[in-house]
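Visitor: I'm new to reading protein models. Could you walk me through one, a question at a time?

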Amino acid sequence: MKLITAIIKPHQLETVKEALEAFGVHGMTVSEASGYGRQRGHSEVYRGAEYQIDFVPKVRMEILAEDEDAGRITDVILGAARTGRIGDGKIWIVPVDAVVRVRTGEQGPGAL
Amino acid sequence: MDKINTGDTAWVLASAALVLLMTPGLALFYGGMVRVKSVLNMMMMSFAALGTVGLAWVLWGYGLAFGPSLGGLVGDPRGLLGLSALMSPDAVVGTLPAMAFVAFQAVFAIIAVALISGAIADRARFSTWVVFTVVWATLVYFPVAHWVFAFDGATAEHGGWIANSLKAIDFAGGTAVHINAGAAGLALALVLGPRLGFRKEPMRPHNLPLVMLGAGLLWFGWFGFNAGSALTAGSTAAIAWVNTLAATCSAMAGWLVVEKLRDGHATSLGAASGVVAGLVAITPACSALDPVGSVMLGMVAGIACAYAVGLKFRLGIDDSLDVVGVHLVGGLVGTIGVGFLATSAAPAKVDGLLHGGGLAPVWAQIIGAVTVLAYSFVMTCAIGWVLHKTLGFRVDPDTEARGVDLGQHAETAYELTMTRAGRMASYLAAAAVTQPLPAPTPRNTAVTEGAAPGNETTPQ
């Protein structure tokens, strides 16, 4: 099993979610995140004092998938999240040792 | 003494209520400007002033400000302690029941003290602030209010020196309230020192809509402050009202133009700040100018204050919410501006330098302004220093880093995530009595039989 983590622009969340649902992904965890990459942040001015805001709002999306689905799910996210402008985000995939469904205690792929 | 006029009485009582609302408005204005961890403390400093200065005013403050003058410097409070001497229907001030005048002046004292708190945001010990409000009101505000607001023959045969000897014009408190509070703010900012991380960490306003709401309430209440200071419901009040509008609109425009040209954007904080700068500047001047003069005064105040607020970063003085940049500078612009822009067509009937009145009115205004500035600054340094050395005026660095809301009030302003909901301490205490302490276990251990069904972290 794999954990796919995608950092995307908040505005792309709905588009990505719909694309994943159409593909057949049944669940995901989404959290609000802040960060920067090459995009860096922006500046704000309060009473003439300029502040550099490095951490900009992002959405972190986490999906558990079977090994053979991970690549195609990544392609779906890639297609839906890309705007072509700087700050579109990143996706990474890591192996997962175990998954347990809390309600039933099911383990492994059956818990996905 | 004249007979009581019901129209005047109604207007002044309504104005007093308008001015009272300015202090909760100030709490919102200041509260929105601080970081999320100190908004409650910021608002509580204003509310504390409502409580303490209101009490002090009733018990001894009115007497110090408006009792029979002791050499023009302070009123003799004996005979006015507790105000019971003013209960008689014969107790009048001008065309008002004396109590209406007491009420109107009370809310001035409160907001003057509350204004100072903006200079020491995020780092003051609340209990010391409470003591400071009483001491400062008694030793600084009440005497200065006597100098400026106690006219001969109004509440006593002889009043204060600025009003009667110097004859400087301060209609609604440019010196007594704004220069006074601004100089005191500067003094306290120096006594307490800058916040941890000042000039390094971002200290952005956490809620600008609160700031805008507060500025709106201040503007609304300020019509009572200025037009109510006529103490009559007539043409003087109406002229003061229109001048207050004119200067404030102009100051907001001035501030925003500076921002647009200098920083590239007109900001909401700039609009709110420009409004307050204009209101401050027109406060001493609203009976002495015509509306066009008010527009000019407001424009100068908006531009001057927009530049003045940046000085603290260069000087390294952490006047956190710009009490100096807005109230002291705006107060000086307004008070000294009267000397230039006053016209004898206005109710104060004085011509300033630009209307052929010569330099005399300018000097009178400068002497009044500088004296109040110096007295307030020196006295506040002394009061603040003594309180700092005895009670301690600043929280410890750990508390400051965690936030004064938690450290001083055991509260946090916003409940935005369920993981911070917590649980009742009384419930925990009861559980501890009936059950032996379990061995330390990780927080995520399953709930065992007999243990409490608490609010575990909500599942995702």
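Predicted model: local features only at pLDDT ≥ 70, side-chain atom pairs only at ≥ 80, totals over all residues.

Visitor: Then is A429(B) buried, exposed or partly exposed?
Guide: Let's find it: A429(B) is in helix α16 (residues 425-434) of chain B. Its relative accessibility is 44%. Buried needs under 20% and exposed needs over 50%, so A429(B) counts as partly exposed.

Visitor: What separation is there between the C-alpha atoms of A429(B) and T138(B)?
Guide: Along the chain, these two residues are 291 residues apart.

Visitor: Is S287(B) buried or exposed?
Guide: S287(B) sits in the loop between α9 (268-282) and α10 (291-308) of chain B. Setting aside residues up to four places away in sequence, S287(B) touches F171(B), A346(B), P347(B) and A348(B). Its relative accessible area is 4%, so S287(B) is buried.

Visitor: And what is the relative accessibility of S376(B)?
Guide: You'll find S376(B) in helix α13 (residues 360-390) of chain B. Beyond its neighbours within four places in sequence, S376(B) contacts W136(B), V140(B), N180(B), A183(B) and A184(B). S376(B) counts as buried, because its relative accessibility is 0%.

Visitor: At what angle do the axes of α4 and α6 of chain B cross?
Guide: Two packed helices are described by the angle and the distance between their axes. Helix α4 covers residues 126-149 and helix α6 covers residues 174-192. α4(B) passes α6(B) in a right-handed crossing. Their axes come within 10 Å and cross at roughly 140 degrees.

Visitor: How many nonpolar residues does the contact of α4(B) with α6(B) have?
Guide: On the α4(B) side, the residues include W129(B), F132(B) and W136(B), while α6(B) brings A181(B), A184(B) and L188(B), among others. By class, this contact has no charged residues, two polar ones and 14 nonpolar.

Visitor: Which residues touch the most other members of the largest nonpolar core?
Guide: In soluble globular proteins, nonpolar side chains tend to be buried together. Here the largest nonpolar core has 134 residues, and its largest share, 16 residues, comes from helix α3 (residues 98-116) of chain B. One of the residues asked for, Y141(B), touches F108(B), A109(B) and A112(B), among others.

Key
Residues numbered from 1 in each chain as written. Chains lettered and ligands numbered in written order. Heavy atoms only, no water. Axes fitted to C-alpha atoms, helices over the stretch in contact; angles between N-to-C directions. Helix = DSSP H or I, 4+ residues; strand = E, 2+ residues; numbered from the N terminus. Left-handed = near helix turned anticlockwise from the far one by under 90°. Contact = heavy atoms within 4.5 Å. Nonpolar A, V, L, I, M, F, W, Y, C, P; charged D, E, K, R; others polar. Buried < 20%, exposed > 50% of the residue type's maximum accessible area, 1.4 Å probe, protein only. Core = buried A, V, L, I, M, F, W, Y, C linked by side-chain atoms within 4.5 Å.
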